[in-house]
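Subject: Structure handover

Hi,

Here is the structure I promised to pass on to you. Please open it alongside this message, and I will walk you through what turned up.

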Amino acid sequence: MNRAPFGKSLSRRNLLTTLAAVPAVALLAACSDSGEEAKAADVKPANPSTPAKPAATPTAAQVPEPQGTVDMAELLKPGALPDKQLGKDDAKVTMVEYASMTCPHCAHFNETTFPELKTKYIDTGKVRYILREFPFDPSAEAGFMLARCSKDNYFAMVDVLFKQQPSWVGVSNTKEALLQISKLAGFTQESFESCLTDQKLLDDVRAVQKRGADEFKVDSTPTFFINGKTYKGAMSIEEMSAIIDPLL
């Protein structure tokens, strides 16, 4: 877990209060100096789960222990922003992930586990996957806003931002780095700045985060809710399979 570069670490509540004070019109400027923001890393990224040891059979992965439970009916109620989902509505398993765009463990999960999770479970109709925004700093807020402004390309933009994380998180000018990535995704300078100065969108992203923290006790990323059980950390595909398979 990274620590904030201050005399003492900010609590999550104080950090969220500080971030909430950054208006959309100032987000571009905040991103320009986000090297310290991203590293202020009382962002509490969850430690990735310990990879399962190679076993004699592919099904021998240990089932991770859940850290709690939630009411799925409450979890799936509409929030400030419409949920972005992959998979069928009637899938036997529903997985909700809360992630931050600047979280290295979220990027690791996206790179090492998610592709096989998608192929094996989401694309086959076994799992409905929902991604919700839980940004811990202005850079992460900007990343999610750009993904939302990508509309139907939301998941493609999230994937690119995770894969390109080293090029825009913790650099001297995050705004310029995000602009260059966004141009490759079809943004112009005008649409880029229009997106990042959209106060309602920023408020809605923050509302998604606040709801996750207040109602479902999310305090680290990635956090997964799988059919009502809570799991924290960037789990491997073997660990995901150990959780999902008995539910099918």
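A residue is called buried here when its relative accessible area is under 20%. Please keep in mind that this is a predicted model.

By that cut-off, the buried residues of α5 (104-112) are His 105, Cys 106, Ala 107, Phe 109 and Asn 110. What lies over them? The cover includes the strands β3 (93-99) and β5 (223-226), together with the helices α6, α8, α9 (165-168) and α13 (237-244).

One of those buried residues, Asn 110, turns up again at the second largest pocket, where Asn 110 is among the residues nearest the centre, along with Leu 86, Phe 114, Phe 155 and Asp 159. This pocket holds about 210 Å³ of space and has 14 lining residues. Which element gives the most to that lining? It is α8, with 4 residues. At least two residues each come from α5, α6 (114-122), β4 and α8 (154-163). By class, the lining has 10 nonpolar residues, 1 polar and 3 charged.

Searching the whole structure for cavities of 30 Å³ or more gives 1, and the volume of the largest cavity is about 60 Å³. Its lining divides into 6 charged residues, 4 nonpolar and 1 polar. The residues around it are Lys 77, Gly 79, Ala 80, Leu 81, Asp 83, Tyr 98, Arg 132, Glu 133, Arg 148, Val 208 and Arg 211. Both β4 (127-133) and α12 (199-216) supply at least two residues of this lining.

A few backbone details are also worth a look:

- Thr 221 and Pro 222 are joined by a cis peptide bond, with omega at about -5 degrees. Pro 222 sits in the loop between α12 and β5.
- Lys 151, in the loop between α7 (138-149) and α8, has a positive phi of about 55 degrees although it is not a glycine. Is Lys 151 buried or exposed? With a relative accessible area of 58%, Lys 151 is exposed.
- Asn 227 also has a positive phi without being a glycine, at about 45 degrees. Asn 227 belongs to the loop between β5 and β6 (229-232) and is partly exposed, with a relative accessible area of 31%.

Best wishes

Conventions: Residues numbered from 1 in each chain as written. Predicted model: local features only at pLDDT ≥ 70, side-chain atom pairs only at ≥ 80, totals over all residues. Heavy atoms only, no water. 1 Å grid on protein atoms, 1.4 Å probe; cavity = no way out; pocket = protein on both sides within 12 Å on 5 of 7 lines; lining within 4 Å. Points joined across faces, edges and corners; volume = space filled by probe spheres on them. Nonpolar A, V, L, I, M, F, W, Y, C, P; charged D, E, K, R; others polar. Buried < 20%, exposed > 50% of the residue type's maximum accessible area, 1.4 Å probe, protein only. Contact = heavy atoms within 4.5 Å.
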